[in-house]
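Me: I have a structure to go through before setting up calculations. Could we work through it in short questions?

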Amino acid sequence: DAGPGTLRQALLDAASGDTILFSATTFPPANPVTITLSSALPSITQDDLTLDASDAGVILDGSAAGGVSTPGLDIHANGVTVHGLHIVSFTGCGIELRGQHNTIGGDRQTGSGPLGQGNLISGNGICGIGMWDATTAYNVIRGNLIGVDASGLQAWGNQGDGVHINGSHHNLLDDNVISSRQGCGVKICCSPDSAYNTIRDSSIGV
């Protein structure tokens, strides 16, 4: 959860343009290892930062992180890429996204990890991915399993919407599997700024 070599310390130390890689020796792809967090991770404010677990098995578990609406990853930056993470059991959204030209996920066939470049975002208390504000735009959400298990065949859900878009625009949701427990699969709402979003090639509610 903390200390040298941990994800928390890497996020504190990272500079814009850095890549955080996960060791397949520590996090074997065939037997994913859980990082149990005791508090929220630092917000990501570094532009062009990459978190790459596409060749590893990494589970971020927020069940002990506390807080009323603690997100798994809280992104306030541009050009951030997130590959291959399981993000589960946080009280808030699995990912809260603010910024532009960020990429969440990718090709599930690329990488030796169980998710490839995609992410699994399930069992969280609010939504899977929340995208907020008119300054949030031109982001890509691709190849993720949201609200389902790693097989993509069993419902797990997030308490609210799978993907919630509120005021953000010109975003692409592509090739995702999305289920929700109580909310919408994808909800685009609340503001005239929530415009020009594209959803394609996805399975929703299956």
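Me: Leaving out residues up to four places away in sequence, which residues does Val80 touch?
Reply: This is a predicted model. In it, Val80 touches Ile44, Gln46, Asp48, Leu49, Ile75, His101, Asn102 and Thr103.

Me: Where does Val80 lie, and is Val80 buried or exposed?
Reply: Val80 lies in the loop between E5 and strand E6 (81-83). Its relative accessibility is 1%, so Val80 counts as buried.

Me: How many Å apart in space are Val80 and Pro192?
Reply: The C-alpha to C-alpha distance between Val80 and Pro192 is 26 Å, and 112 residues separate them in sequence.

Me: Let us turn to the core. How many residues has the largest nonpolar core, and which have the most contacts inside it?
Reply: The largest nonpolar core has 38 residues, and Leu60, Leu73 and Leu85 are those with the most contacts inside it.

Me: Which elements each supply at least two residues of this core?
Reply: Helix H1 (7-13) does, together with strands E4 (58-61), E5 (73-76), E7 (85-88), E8 (95-98), E11 (129-132) and E14 (163-166).

Me: And what is Leu60 in contact with, leaving aside neighbours within four places in sequence?
Reply: The contacts of Leu60 are Leu7, Ile35, Leu41, Leu73, Leu85, His86, Ile87, Val88 and Phe90. There is also a second, separate core of 7 residues, with Ile59, Leu120, Val148 and Val177 among them.

Me: Now the aromatics. How many aromatic pairs does a search of the whole structure find?
Reply: The search finds 1 aromatic pair. The ring centres of Phe22 and Phe27 are 5.9 Å apart and the planes stand at 80 degrees, so this pair is edge-to-face.

Me: Why is the pair edge-to-face rather than stacked?
Reply: An angle over 60 degrees counts as edge-to-face, whereas stacked requires planes under 30 degrees apart. The planes of Phe22 and Phe27 are at 80 degrees, so edge-to-face applies.

Me: What about the largest pocket: what volume has it, and which residues lie nearest its centre?
Reply: The volume of the largest pocket is about 160 Å³. Its lining consists of 14 residues, and Gly5, Thr6, Leu7, Phe22 and Phe27 lie nearest the centre.

Me: Which elements give two or more residues to that lining, and which gives the most?
Reply: H1 and strand E1 (19-21) give two or more. H1 gives the most, with 3 residues.

Me: How does the lining divide by class?
Reply: The lining of the largest pocket has 9 nonpolar, 3 polar and 2 charged residues.

Me: Next, backbone geometry. What is the phi of Tyr138, and where is this residue?
Reply: Most residues other than glycine have a negative phi. Tyr138, although not a glycine, has a positive phi of about 60 degrees. Its place is in the loop between E11 and strand E12 (140-142), and Tyr138 is partly exposed at 38% relative accessible area.

Me: And what is the phi of Asp175?
Reply: Asp175 has a positive phi near 60 degrees. Asp175 is found in the loop between strand E15 (172-174) and strand E16 (177-178), and its relative accessible area of 34% makes Asp175 partly exposed.

Me: Back to the loop between E11 and E12: is Thr136 buried or exposed?
Reply: Thr136, which is found in that loop, is buried, with a relative accessible area of 0%. Beyond its neighbours within four places in sequence, Thr136 is in contact with Leu97, Arg98, Gly99, Met131, Ser168, His169 and Asn171.

Key
Residues are numbered from 1 along each chain as its sequence is written. This is a predicted model: local features need pLDDT of at least 70, side-chain atom pairs count only at pLDDT 80 or more; totals for chains, interfaces and linings use all residues. Side-chain values use heavy atoms; hydrogens and water are left out. Rings of Phe, Tyr and Trp (its six-membered ring) pair if their centres lie within 6.5 Å; planes under 30 degrees apart count as stacked, over 60 as edge-to-face and the rest as tilted. A nonpolar core is a set of buried Ala, Val, Leu, Ile, Met, Phe, Trp, Tyr and Cys residues joined through side-chain atoms within 4.5 Å. Buried means under 20% relative accessible area, exposed over 50%, partly exposed in between (1.4 Å probe, protein chains only). Helices (H or I, at least four residues) and strands (E, at least two) are DSSP runs, numbered from the N terminus. Contact means heavy atoms within 4.5 Å. On a 1 Å grid over the protein atoms alone, a cavity is a set of points where a 1.4 Å probe fits but cannot get out, and a pocket is an open set with protein on both sides within 12 Å along at least five of seven lines; lining residues have an atom within 4 Å of a point. Grid points are joined across faces, edges and corners, and a volume is the space filled by probe spheres set on the points. Ala, Val, Leu, Ile, Met, Phe, Trp, Tyr, Cys and Pro count as nonpolar, Asp, Glu, Lys and Arg as charged, and the others, Gly among them, as polar.
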